[in-house]
Amino acid sequence: MGAMSEMEVLRMAVLGESQSPLPWECRFYDSTFHKSEVILVQVNAGEAFTIRREDGQFQCITGPAQVPMMSPNGSVPPIYVPPGYVSQIIEENGVRRVLVLPQQPEFHPGGHSPLHHPPPHAHLSAFIPHPPMMPPHPHLYTGMAGGVGDMGSQYISQYHPAHIYSEQASADSHSPHGRPPFVHRDERASKTYERLQKKLKERQGGGGGQMKDSPPPSPQKNRLSPTTLDIYNGVGGKGLELEPGQASNTGTGKQAGRGQDGDQGELDEDARALQALLGTISKPVVSDIQARGAVLTWSAPSMPEREEGSPPEPLSYKVSISYNGIDGNYRSTCSGEDLSATLEDLRPATDYHVRVLAVCNCLQGNPSEAVSFTTLSCEPDLPNPPRKASGTKSTIVAQWKPPCDNGSKIQNYVLQWDEGKGTGVFEQCYYGPQKQYRVTKLSPASRYSFRLAAKNDMGVSEFSEAVDLFTSCSVPSPPLPPDLVKAGVTWLNLQWQRPPGSPKEDEIFYILEMEEEGSGYGFQPSYDGDELSKTVVHLHRSTKYKFRVVAYNSEGKSNPSVVAEFTTCPDIPCSPSRPAIRGRVLPNSFRVAWEPPKDNGGANITKYILEVSDGLSGLSWELAYAGPAMEYVCESLKPGCFYQTRVYCMSEGGQSPLSEALQVQTPAVPPGPCQPPRVVGKSRAKEVQLRWGPPQDDGGSPVSSYSVELCGSHGAEESREVYQGPEPDCTVVNLLPGRTYNFRIRAANKAGYGSLSERCEVTTGPGAPETCKAPHINCKSPTCAVISWEAPPSNGAPVSEFRVEWGAMEGSMQICYSGPSLSHEMKGLFPATSYFCRVQAVNVAGVGAFGEAVLCQTPCSVPAAVSSIHALKEAELRGYETSLDLEEDEEEEEEEENPAPPLYSPSSCLGLRWEPPCDHGAEITSYLIDLGERQPIAVGPVTKYIIQHLQPDTSYRIRIQALNSLGAGPFSHTFKLKTKPLPPLPPRLECTAFSHQTLRLKWGEGPAKAASSDALQYQLQMEDKNGRFFSLYRGPCHTHKVQRLNESTSYTFRIQAFNEAGEGPFSNVYTFTTPRSPPAPVKAPRVERLEDHSCEVTWETLLPMKGDPIIYTLQCMMGNSEFKQMYKGCATSFSVPNLQPSSEYRFRVCAIRQCQEAPELSGPFSPTVTLFPQRSEVAAGSGLSGSGPRAGAESARPRRSLTDEQCAALLLMFFAVISILIAFVIQYFVIK
């Protein structure tokens, strides 16, 4: 690999049916090939060949080697070779061999030397990235469709392989133009590379499912992405974008006219014409050609003229460049709307071909004619740092590789060094054309810094990065034996010193050798490095090891040091066994024992430690024993308690882990005696509440139950248990008041009952009285009753008070008496009412229970007073009057002599309504109405009554009294009412205006219109066909117009006035008759000239009106004279003779109704029709349509006014037209 030539990456591609470059799939076989067509790619020595395997990984094969490859269709694919080489096919025994041979020098373009190839394209950023001060063009570039294989042979060679040195990996140096060097991938770039590798695998896995007969994918979809291109090249970078419509050299003609929106055949005529105009773009002009840039300008294509006011179509341009010939593949470099572009990042001394195409509305035309130019040469690129090829203690041979010459052959190299001073100041040590130099007279084991620059005819490149090279030294002397820093169970930390007398500049390495005692393997290396200390791990405990150190450098190894012996420490012992109980566990002690640990860690056990914890929590442990014995008796324990024990041991290796804990519970004993119980609160008559505390000693087990014993005073009664349970209190019931009792208590746990406590004497208190018997009730009157009762047993204390409850309902009684008496008198009762009563006794001990409730009923009485009196409203009075009329109508059949009741009048009547009072047990038979000075009015058991025959506008004081079978009740409170004044009289009715359909009536004096709030109002009624009157008007106005009447018909009316006093009487009946209606107006007649001196007038026919015939009157006016009657009769036409041709005549018609018993009624005249003279007819004949006789009729039409329907139709049509025009304007000017 040290003699690698310029050929490092070789790509192979085939052209399928679609003529698009596709990656060539390489397949490997362990045995002979199954196909007869085999291609062997021969790789010479110092060269490399990169291929992709079936798993997607890339493999680099270095020469000399022969790579067998299979052709799927049996044909030899085109082989793309780097500049300076040609491919040659040799067939031997049915196997074709492809040889890549050097080319003659005259093959290189531009007259360059074969050793100096043209530089790569500027947009391959893997080689020359964008300048840092100039951002890349916003246009995104995609990868090359065919990879490097699509490039010309003169450009592929510009990929420079990395130089592999033993000291360091080479990197791209800085160029003189400030471009950054190519550095290794950072973390983000590495992740991107892994993702792209994964995508390539997925595509390879998904591509196998493509149909065999399916068409090949389009060139646009099969382009390699920039990352894919970089993977083939082996370095990171980005490629150029393939020009739209161009896939390969063979497909250029087919794809030239293809746009972004589809094929040429799918475009319409306008689009094809626009595309043809876009193709007329002129050839671009190149100016200001530099080594790495040029300026490109062009003229816009001629576009068709646009309409005035319409904006011009926007044009954009795409610049594409080719570096493999004028007919090679073009790559888009930039796009925009400007007519110029600056080509940047070009390679020096390289031939370029540039063309421009125009784009308008996603439609692009044919590209322009290509223009060719060659960039200028410049100084070489930044060289790589030199490397050390060989050297001794006093010499260093520095070797380097030539950088890219950029079009001018490199003549000399400048090598500088710092003379080993390390100050950063460099001096020239070599200047010449050679690619290596030997530096002599150096110091052993010293460091020297070197840097390199290249020079050609155009100038000197920048210096490479400085690299440090070292000279050799002598073999180091034996070092001192290693020392032990610290020892562990399985490790030993050792350190040693640098060999005495070795220079500081000498780089010395050390080998630490170890031998285990008794292993028999001798010394084995356990460390090799430049450190002066080492921790040796994975050793055995308590084992002796031997160590020695060997020093070496680039000149050789020293003798071993003196052997040193070290021993590892013992390990901590294992935990002892879990403690076990020996013998029976007593309430205050138990014995435990344990076994020694199974592994003592390589040292004897010195003592055991036993710890005891009180309880199961294990939070606090106390030391119980420490010594060599393996059993111990734990004493001074509490009964019924839990204890935990654990043990661990000690040895030279340290403290062992704790053993498992043993849980032990000591047995419990019965609890001790309790304190005597005490009385809670005051002693009651029949119960006592006792409370006590737990015993001071529970015996090691919680108290689960208590027992209370009761015995009589002085031991007269035997003891009996009155309570047993877990609660520390109880209530003893069923005791007798005023007695003394003795109580004792004892506690129990799971071990049994303890001893009894001391006695406690308790005396019960007095009790409440017993329940009273039912009381006795005696009713003295309807409103008074006497209650009496007997005293109940006092229960140890005299009764001090009785409480009597009285109420109308058993559940809502209230205390009516409280005192020591045995009787009570109840007053203020209601007659004929049921009451409940019960008695309760009270003494100092408490309140006794209520006795049985007794029911009693008071006797009946006279009714109560009427409490609520109201005046009837008018609506209620009318309803009451109507109900009375209905009742009287039913009774008329039985009693015809009975006179009808008088009508209600608010001026002489008052209506009363009252609520019936309580009857007190006897039904109310009548009411008595007292009017003061007048005789009282007796009525039946009703709640409504109308008092008649009263004075108008007079006040009355009224009160009512109810009566039943027992007598009359009290009068109600006085109620004041007043009668209304008399209603008004009816006015006189008159007819002020009439027509055949309407009558205007007037009455009284006042304005025609009045407010509805006026006190005096009127009601107008009209008689119908059945002789009944119905209301026409009701309000304060004095006039009314009756409409929709029939002609010559008599109508009957009457009127009534009313105000707050009520409605007055109706007036006398008035009769008014409508007149007959005249005939309807006749439409304009039609006039037709018969001769020069006569004409015929015709008009429409009207139907007879209610049997009356219709005749017509025709009137004529000549000139400005008066109208004269020309005809009167029933005909509808008339011929007018003796007309003067030079005169103007006007005609009109009137209908006349001939009434049988009345004079004739003439209707209105029709519109006038003019008959013009003959000379007017001749003068206007050219402007009128139709004959002369009809001209008069047409002239009369403009005088007629339009009807409402016609006006509405015209307005509707006008607004519709305006709306359509507005919608059209919005659609055209706003939306579009």
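1. The secondary structure of the protein chain amounts to nine helices and 81 strands, where helices (H or I, at least four residues) and strands (E, at least two) are DSSP runs numbered from the N terminus. The model is predicted: local features need pLDDT of at least 70 and side-chain atom pairs count only at pLDDT 80 or more, while totals for chains, interfaces and linings use all residues. Residues are numbered from 1 along each chain as its sequence is written, and side-chain values use heavy atoms, with hydrogens and water left out.

2. Of the 1232 residues in the protein chain, 39% are buried (under 20% relative accessible area; exposed is over 50% and partly exposed in between, with a 1.4 Å probe and protein chains only). Among contacts (heavy atoms within 4.5 Å) with a separation of 6 or more, 66% are made by residues 24 or more positions apart.

3. An open sheet is formed by three strands in the order β18-β19-β22, with antiparallel pairing; two strands pair if DSSP finds at least two bridges between them. The edge strands, β18 (387-391) and β22 (436-439), each pair on one side only.

4. Strand β19 (residues 396-399) is joined to β22 by four bridges, and the two run antiparallel. Gln399 stands opposite Gln436 in β22.

5. Lys401 lies in the loop between β19 and β20 (410-417). Its relative accessible area is 23%, so Lys401 is partly exposed. Lys401 and Pro383 are 18 residues apart in sequence, and their C-alpha atoms are 7.6 Å apart in space.
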